[in-house]
Amino acid sequence: MSEAPWNPATTRNLCDKMYDKRKQGALDVEQIVKQLNNETDKQKIFEMVEYIIDNFSTSANANHRKGGLIALAAVGIGLGPDVFKLLHKIVPPIIKCFSDQDSRVRYYACEAMYNVTKVARSRVLPFFNDIFDGLCKLSADPDAHVKNGALLLDRLIKDIVTESEAFNVEKFIPLMKERIYVVNALVRQFLLGWIQVLNSVPDIDLIKDLPEILDGIFVMLSDKKKEIRRQADNVLSEFLREIKTAEEVDFGSLVKILIPHCSATDDMTRLSAVTWVGDFIAVGQKQLLPYADSLVGGVLPSLAHDVAEIRHAAFEANNSLLQLIDAAESDEFPIESFLKIVSVQFRSDFVDSRIAALSWVSLLHGKGDRQQEEFLDDIFPALLQLLSDPSEKVVTLSLEVMARIAANEEYFKKLMNSLIVLFNNDLKLLEKRASLALRQLSLFIDPEKIFRALAEIVEKGTYEPEFAAVMIQTLNIILLTSTEFLDMRRSLKSLREPGQVDLFVTLYKSWCHNPAATFSLCLMAEAYEHAYALVRRFAELEISVSLLVEIDKLVQLIESPIFTGLRMHLLEPERYPFLFKALYGLLMLLPQSSAFTMLKTRLESVTTIGILQLLPKARAAQQPPGDAEAEVDASVEAASAPVDFAELLVHFDGVQ
């Protein structure tokens, strides 16, 4: 040990294991420094500091290091305001002791730094980064005394920073960024405390640096300790409040950080992220349009979350984005990537997310953008698959979207063909969803156009007879029973105009795949004579169980309000003789069953006098006895008929 700049007693006191002795030694050093400073003997003070560092601060003896720390603090106190001239010598050895292996040394390092800082005030800020790094580590120190000492120093440094205009935020942010993902709860609390303090200083704007630390703060929302979660939430709430009034915000960078947290498994994190997205849209408006695809991808999955508060926040955000996009031009946001992200939600397990995705497609299609038209080829199959969705609301909305898309003739044809293919591959889907599909489509597309297209596809296609029969049976039931097709049924009852005749013929040719459906079509069109001719043909066919089942259903339909007009025609046997013959022929085909009894009862309700007049007297007189076939041919080829029923009968025979 070199010669000390003070008497031996001071040296012994500084090295003593007793605090009181070291304290006395420090007081001696303080008095010597004050005297030298008054004499402006800076050189001796400098040599004294060098002596302390060389002989105490770097000593292997813990008590010596403690003495060195208290002596350096004494030098600082003795120098008073002039301490700034030697801070570059005094501060580094103190900070080095923050990581000393001896907890008491670490504690005295905090005490020494506190005393020096109290004197130096803002002059200590050039060493802020090193002090902050040390405090960050000490905040999680296992020794309670060390943590308390660090806490006192931390408060003092915060006070100095908040009152100083010389604090460099740009140098501080990298420090925070390096530590923001630390998992230790005490360190997190320390970091959040600093963010809150700096954000409260009017002259410090952390919003511009927020992208550097925002992700780490969101991560803290899922901390196991409630206090950390609460503190992180408070910090985020304050930042969000400031963003709403900030003149300039880097929304792009912030959105990239937010979106992954919108799908977080932690409810608090997810709620905060979705809330931020909603507020961003409300505040940023058109500034958010370039990031609309990311925003919708973050919001949609939360629409069906188990937590009501998250669902509400997601709905609010989604509605805000809907309004924003609706008012925007299609070239103001990335519509193609937007649609790709939205279409992913078609496969979501949650109904609300699928419905929202469909609403988006419907809205975007209304904009008629060329980019979207190009994407329709990819999205169309996904829309078709939604026909098998368990939610009827999803099916209805998907049909509405497809109907709007089908305003384009190319996509209308594609839709009709796709429906047939879909039903051909899944007969259960045909049974469950065909009626809903056609009824919903008819709200946006002319029902006659739909049926013409489907009929032509079935007629010209090479489908299995079983599928064709079931498909036509389904179409026929829909036509007969759905209110959406009332005008079409009325049109078919009057085969006078060319368009009406053409519709009947188009349907008839396809309906021939199902004899019972063909017969009911003729009854609906009041083509009773041809209906009778068909019944005669039925007798020549193999009467299968499926045909009998369909006839049974037809008899029940005859008793429904749909065929009220037909039943009224039974009161005019002279005017509609072939109606009686057709129905009685149908009765003869039926086995003894409930349908047989029902139809028989209906026919017997007509007076006997009327039945006796079934055959027109004039025609009966002209035909040779027993020439029944000639009678049928004459009725089919009646010159007054606007439809070539003879040709249709030939077509029917060909299909069978």
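Me: Which residues lie nearest the centre of the second largest pocket?

Reply: In this predicted model, the second largest pocket has a lining of 18 residues, and those nearest its centre are Ala-469, His-513, Pro-515, Ser-544 and Ser-546. About 520 Å³ of space lies in this pocket. The elements that contribute two or more residues to its lining are H24 and H29.

Me: How many residues of each class are found in the lining of the second largest pocket?

Reply: The lining divides into eight nonpolar, six polar and four charged residues.

Me: A cavity is a separate feature. How many cavities of 30 Å³ or more does the structure hold?

Reply: A cavity is a space where a probe fits but cannot get out, whereas a pocket is open. The structure holds one cavity of 30 Å³ or more. About 100 Å³ of space lies in the largest cavity. H24, H27 and helix H29 (545-558) each give two or more residues to its lining.

Me: Which residues line the largest cavity, and how do they divide by class?

Reply: The lining includes Gln-473, Asn-476, Ile-477 and Leu-480, together with Asn-514, Ala-516, Ala-517 and Ser-520. Also part of the lining are Glu-550, Lys-553, Leu-554 and Leu-557. By class there are six nonpolar, four polar and two charged residues.

Me: Why may H26 be called largely enclosed by the rest of the structure?

Reply: A residue is counted as buried when its relative accessible area is under 20%. Ten of the 14 residues of H26 are buried, and therefore the helix is largely enclosed by the rest of the structure. Among the buried residues are Gln-500, Val-501, Leu-503, Phe-504 and Val-505. Others in the buried group include Thr-506, Leu-507, Tyr-508, Ser-510 and Trp-511.

Me: What covers the buried residues of H26?

Reply: The cover includes helix H23 (447-460), helix H24 (465-481) and helix H25 (486-492). It also includes helix H27 (515-524), helix H28 (528-538) and helix H36 (645-655).

Me: Which residues have the most contacts inside the largest nonpolar core?

Reply: In soluble globular proteins, nonpolar side chains tend to be buried together. Here the largest nonpolar core has 239 residues, and Trp-276 and Phe-504 have the most contacts inside it. The largest share of this core, nine residues, comes from helix H4 (residues 62-79). Phe-504 is also one of the buried residues of H26. Leaving aside neighbours within four places in sequence, Phe-504 is in contact with Leu-492, Leu-495, Leu-521, Cys-522, Ala-525, Val-643, Phe-645 and Leu-648.

Me: Is Glu-30 buried or exposed, and which residues is Glu-30 in contact with?

Reply: Glu-30, placed in helix H2, is buried, with a relative accessible area of 13%. Apart from neighbours within four places in sequence, its contacts are Ala-74, Ile-77 and Gly-78.

Me: Finally, what is phi of Thr-40, and what is phi of Arg-121?

Reply: Most residues other than glycine have a negative phi. Phi of Thr-40 is near 55°, a positive value in a residue other than glycine. Phi of Arg-121 is likewise positive, near 55°. Thr-40 lies in the loop between helix H2 (19-38) and helix H3 (42-57), and is exposed, with a relative accessible area of 58%. Arg-121 is in the loop between helix H6 (103-120) and helix H7 (128-138), and counts as partly exposed at 27% relative accessibility.

Key. Residues are numbered from 1 along each chain as its sequence is written. This is a predicted model: local features need pLDDT of at least 70, side-chain atom pairs count only at pLDDT 80 or more; totals for chains, interfaces and linings use all residues. Side-chain values use heavy atoms; hydrogens and water are left out. Buried means under 20% relative accessible area, exposed over 50%, partly exposed in between (1.4 Å probe, protein chains only). Helices (H or I, at least four residues) and strands (E, at least two) are DSSP runs, numbered from the N terminus. Contact means heavy atoms within 4.5 Å. On a 1 Å grid over the protein atoms alone, a cavity is a set of points where a 1.4 Å probe fits but cannot get out, and a pocket is an open set with protein on both sides within 12 Å along at least five of seven lines; lining residues have an atom within 4 Å of a point. Grid points are joined across faces, edges and corners, and a volume is the space filled by probe spheres set on the points. Ala, Val, Leu, Ile, Met, Phe, Trp, Tyr, Cys and Pro count as nonpolar, Asp, Glu, Lys and Arg as charged, and the others, Gly among them, as polar. A nonpolar core is a set of buried Ala, Val, Leu, Ile, Met, Phe, Trp, Tyr and Cys residues joined through side-chain atoms within 4.5 Å.
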